[in-house]
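Visitor: I would like to learn how to read this fold. Please take me through it feature by feature.

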Amino acid sequence: MMRNIIIFGASGNIGQQALQIIESNPNDFQLTAVSIYHNVAVLHKILQKHQTITIIHLGDETHQAALATQYPNITFVTGEAGIDAMLAVDPTAMVLNAIGGFAGLYPTLQTLAGKNRTLLLANKESLVVAGGLINSLLTKNNNQLYPIDSEHCAIFQCLEQNNRCQELILTASGGMFADKTLAELKTIDEHQVLQHPTWTMGQNITIDSSTMVNKGLEIIEAYHLFKTTNITVVLHPQSVLHSAVQYEDYSILAQLSKPSMLQVLNYFLYYPVRKYNALLPPLEFSELMTLTFQKADLSRWKALQLAYRCLNENNSLAVTFNAANEELRGLFLAGKIKFYQIVDYIEYFMNQIKLQKLVNYLQIKKLNDIIKRDIINYFSKK
Ligand SMILES: NC(=O)c1ccc[n+]([C@@H]2O[C@H](COP(=O)([O-])OP(=O)(O)OC[C@H]3O[C@@H](n4cnc5c(N)ncnc54)[C@H](OP(=O)(O)O)[C@@H]3O)[C@@H](O)[C@H]2O)c1
C-alpha cells in the first residue's frame, strides 16, 4: 500500500538517509511535504526526484520568492504557521521529524495534536524537553510514535509485551575520547571532536557523542519512551549491539546489526514488517570482531550524571540540560570555550535552575530561550 510521508529536516543526515530508503521503494512511499532550514542546493535535488511534493517549509524568507517563481505549483511557507500548513495539507501522512535541536519541538507537538498520526521521531530533543506532554498527546489523540535512534529502536525490538523489563541497557561507543581520562581531555586535539569512530552523523550529534551529552539525551529519551528509571549505560566501542533489555529472570535480549541508521529507518518505515533492502549492510558472524562491554563510569562521564538528575516529571532541568548544551556546543565551535568545558558549564547552568514542571510549548520555549540568553550574557561579560 502506498503511504504518504512528510519529512521535517529533509536536508540533514537522517532526512537524506530516509530519502534513500523511500527512493529505493517508489511503490511504497510518496513524499508530499518537506522542510529544510537553509540548504537550498539539497532542496533542488529533492525536487528533481519527487514531483509529488506540494508544500515546502523554509528556515526564512530569503529564497522564498525565487523558489516560488521557479516552482509555481508548490507552496513555500515559513514560521510556525507554515509548519501548521504543512501538516494540514496531508493529515493522514506519516511524519518523520529529523530536525536537529530544540527547533524540532514545535513540529513534534503539532503532529501529535492531530489524531491517528504516525510520527517517526529522530528529534530526540523533543522527548527530552517535553516527554510528559508528548506522552499525554499520544494517549489523548491515539497517535503512534517510533524512535529513530538505534538504541531505542533496539530496545523497542527487545521489549516483550507481557513481561516487565527489569533494566534497560543502553550501549554507547564513547565517541572519540572514550579512552582519555578527564585530565587528558584538557590536552586533546579538538579537531578530532568532529569525527566519530563508528557512525557517520551530523556535526552536532557527533560532538554530543564525544561529550557523552548525546547518551545523556538518550537516557532521558528512554525514560519517557519506556517509562522506567532503571537505565544503565554500557560502553561498547564497536557499536554492533545497539542496546538490550534485562528481564526478571536475568535473561537479556539484545539487538545486533552494523551501525546504520538506514536499518533503523527501514525498520520503522515498514513496521511491523521486516523488509529487505539492498542498501542495508549485512552483519556476518564470521566477520564479527570481538565485542567488548564495560559499564560506564559516572565519575568519568559527568554528562550521564547530569542526565540521571533529569529523570523526573519536573522537566525544567532537562530543558536546561538541552538548551545549555546547544548554546555551549556553539560556543565551542566558535572557539570561545574548550571542549572539556561544555559539560562543566552545562552543570553550572543546571545548578541555577529551580525544579519545575513545564506543561505546554510556550512554557518550555520560554525557559529554553532564557537559558540560551543567560549563557550568551554570561560569556559576553567574560
Ligand atoms: N545522524 C544520526 O545518525 C542520528 C542518529 C540518531 C538520532 N539523530 C537525531 O536526528 C536529528 C537530526 O540529526 P542529523 O544528524 O540528521 O542532523 P543534521 O545533519 O544537522 O540535520 C539537521 C536538519 O535539521 C534542519 N535544521 C537545523 N536547524 C534548524 C532549525 N533551527 N529549524 C528548522 N530546521 C533546522 C537542517 O536543515 P539545513 O540542512 O537545511 O540547514 C537539517 O535538515 C537530531 O535530533 C539527532 O539527535 C541523528
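**Overall size and parts**

Guide: Start with size. For 382 residues, a compact globule would have a radius of gyration near 21 Å, and the protein chain agrees because it has 20 Å. The radius of gyration is taken over C-alpha atoms, and the globule rule is 2.2 Å times the number of residues to the power 0.38. Those C-alpha atoms fill a box of roughly 60 × 55 × 40 Å along the principal axes.

Visitor: What should I know about the model and its numbering?

Guide: This is a predicted model: local features need pLDDT of at least 70, side-chain atom pairs count only at pLDDT 80 or more, and totals for chains, interfaces and linings use all residues. Residues are numbered from 1 along each chain as its sequence is written.

Visitor: How many helices and strands does the protein chain have?

Guide: There are 15 helices and 12 strands. Helices (H or I, at least four residues) and strands (E, at least two) are DSSP runs, numbered from the N terminus.

Visitor: Into which domains is the chain divided?

Guide: Domain 1 covers 3-147, domain 2 covers 162-257 + 285-311, and domain 3 covers 316-382. These bounds come from an automatic or database domain assignment.

**Sheets**

Visitor: What is the order of the open sheet of 5 strands?

Guide: The order is E11-E10-E8-E9-E12, and the pairing is mixed. E11 and E12 (294-295) are the edge strands; each pairs on one side only. Helix H7 (residues 150-158) packs on this sheet and touches E8, E10 and E11. The direction of H7 makes about 40° with that of E10. Contact here puts two C-beta atoms, placed from the backbone, within 7 Å. Helix H10 (residues 213-226) lies across E8 and E9 (231-235), at about 155° to E8.

Visitor: Which strands form a hairpin?

Guide: E10 and E11 do, with 4 residues between them. Tyrosine 250, in the turn, has a positive phi of about 70°. E10 (residues 241-247) and E11 (residues 252-256) are antiparallel over 5 bridges. Serine 243 stands opposite glutamine 255, and alanine 244 opposite alanine 254. E10 also runs antiparallel to E8 (residues 165-172), joined by 5 bridges. Cysteine 165 has tyrosine 247 in E10 as its bridge partner.

**Packing and contacts**

Visitor: How is a helix pair described, and where do H6 and H13 meet?

Guide: Two packed helices are described by the angle between their axes and the distance between the axes. The axes of H6 and H13 (residues 316-333) come within 7 Å and cross at roughly 145°. Axes are lines fitted to C-alpha atoms, for helices over the stretch in contact, and angles run from 0 to 180 degrees between N-to-C directions. Glu125, Val128 and Val129 in H6 meet Ala318, Val319 and Asn322 in H13. The residues of this contact divide into 4 nonpolar, 1 polar and 1 charged. Ala, Val, Leu, Ile, Met, Phe, Trp, Tyr, Cys and Pro count as nonpolar, Asp, Glu, Lys and Arg as charged, and the others, Gly among them, as polar.

Visitor: How many residues of domain 1 and domain 2 are in contact?

Guide: 12 residues of domain 1 contact 10 of domain 2. H6 gives the largest share of the domain 1 side, 7 residues. That side divides into 4 nonpolar, 6 polar and 2 charged. The domain centres, over C-alpha atoms, are 28 Å apart.

Methods
Two strands pair if DSSP finds at least two bridges between them.
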